[in-house]
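Thanks for coming. Please look at the sequence and the structure when they come up, and keep them in view while I talk.

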Amino acid sequence: MRQTIVAGNWKMNASKETVNTLVMGILSGMSDVDSKVIVCAPAPYLSQVEALITHSQLNLGAQDLNVNASGAFTGEISADMIKDFGAQYVIVGHSERRSLYFENNEVVARKVQVALDNGLTPLFCIGETLEQRESGNMESVVSAQIQAVIDLSGIGAFKDIIVAYEPVWAIGTGVTATPQQAQDAHAFIRLMLAKNDADVAQTTPILYGGSMNPGNAAELIGCEDIDGGLIGGASLKAQDFLQICKAG
Ligand code: PGA
């Protein structure tokens, strides 16, 4: 039985005040949440969130990391820095990083490996664009994204990876994949993992991301191969996020 995981990706949305209100709001409703809950804060707010969530069930993540341990990489943050603020998770290969910052499958795979080497759990994001889906290439795109990690790190690495399937056309658009579309993609991903290692495929959590909200979360998370969600917009409102956490 895989535990439901709900992760919030705040992206570049935060201020000291909103972080305080949001985290306190989430904490106030956590007592009846069974899912594992992670909030992925922008780097400048990791310290603030760390202090707010001490001794709570809430877990902390970052949104990206650099592959280098330290040095002359202006503007970047390392795995050690992320860990220094009590974060155990890091989003890797989000579609916005892939499209806006030109991270290809090889770069993303290296980031996954660096996260693992440093004891961080990567939330490894994959997914196809609308064009790729409409031209019938969803499976080949997603396969290549996963294969890059298998090639570099081996299938065993997926024991410590959380996969997030996020169709790019559903991210921030209000257009959610139907439960059937999402389940089909998740089943395909699990099958691909199973062809490499059946046990790993059964234990790897595969989250859905892309306009998940309190209205559609229960149906999506209820699908056999959907183990939770990676939530953007709806993770910025404590009550909406909590409702999704409780849907699992
Ligand atoms: P969204 O974002 O929930 O706003 O669609 C999801 C994501 O980008 O992780």
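Predicted model: local features only at pLDDT ≥ 70, side-chain atom pairs only at ≥ 80, totals over all residues.

Let's start with the ligand. Which residues come nearest to the ligand? There are 13 residues around the ligand, and the nearest are Lys-11, His-94, Glu-166, Gly-172 and Ser-211. Sorted by type, this shell has four nonpolar residues, seven polar ones and two charged ones.

Now some individual contacts. Glu-166 uses its side chain: one of its polar atoms is 2.6 Å from an oxygen atom of the ligand. With Gly-232, the atom is a backbone N or O, placed 2.8 Å from a ligand oxygen. Gly-233 also has a backbone N or O atom 2.8 Å from an oxygen atom of the ligand. As for cover, the ligand taken alone exposes 280 Å², and the protein buries 95% of that.

Rolling a probe the size of a water molecule over the atoms shows where empty space is left. How much space lies in the largest pocket? The figure is about 650 Å³. Its lining has 24 residues, and Lys-11, Met-12, Gln-63, Asp-64 and Arg-97 are the closest to the centre.

Which element gives the largest share of the lining? That is helix α4, residues 95–100, with three residues. By type, the lining of the largest pocket divides into 13 nonpolar, six polar and five charged residues.

That is the end of my part.

Terms used
Residues numbered from 1 in each chain as written. Heavy atoms only, no water. Near = heavy atom within 4 Å. Polar contact = N/O pair within 3.5 Å; in protein donor to acceptor, adjacent residues only side chain to side chain. Areas by Shrake-Rupley, 256 points an atom, 1.4 Å probe, with all protein chains shown as cover. Nonpolar A, V, L, I, M, F, W, Y, C, P; charged D, E, K, R; others polar. 1 Å grid on protein atoms, 1.4 Å probe; cavity = no way out; pocket = protein on both sides within 12 Å on 5 of 7 lines; lining within 4 Å. Points joined across faces, edges and corners; volume = space filled by probe spheres on them. Helix = DSSP H or I, 4+ residues; strand = E, 2+ residues; numbered from the N terminus.
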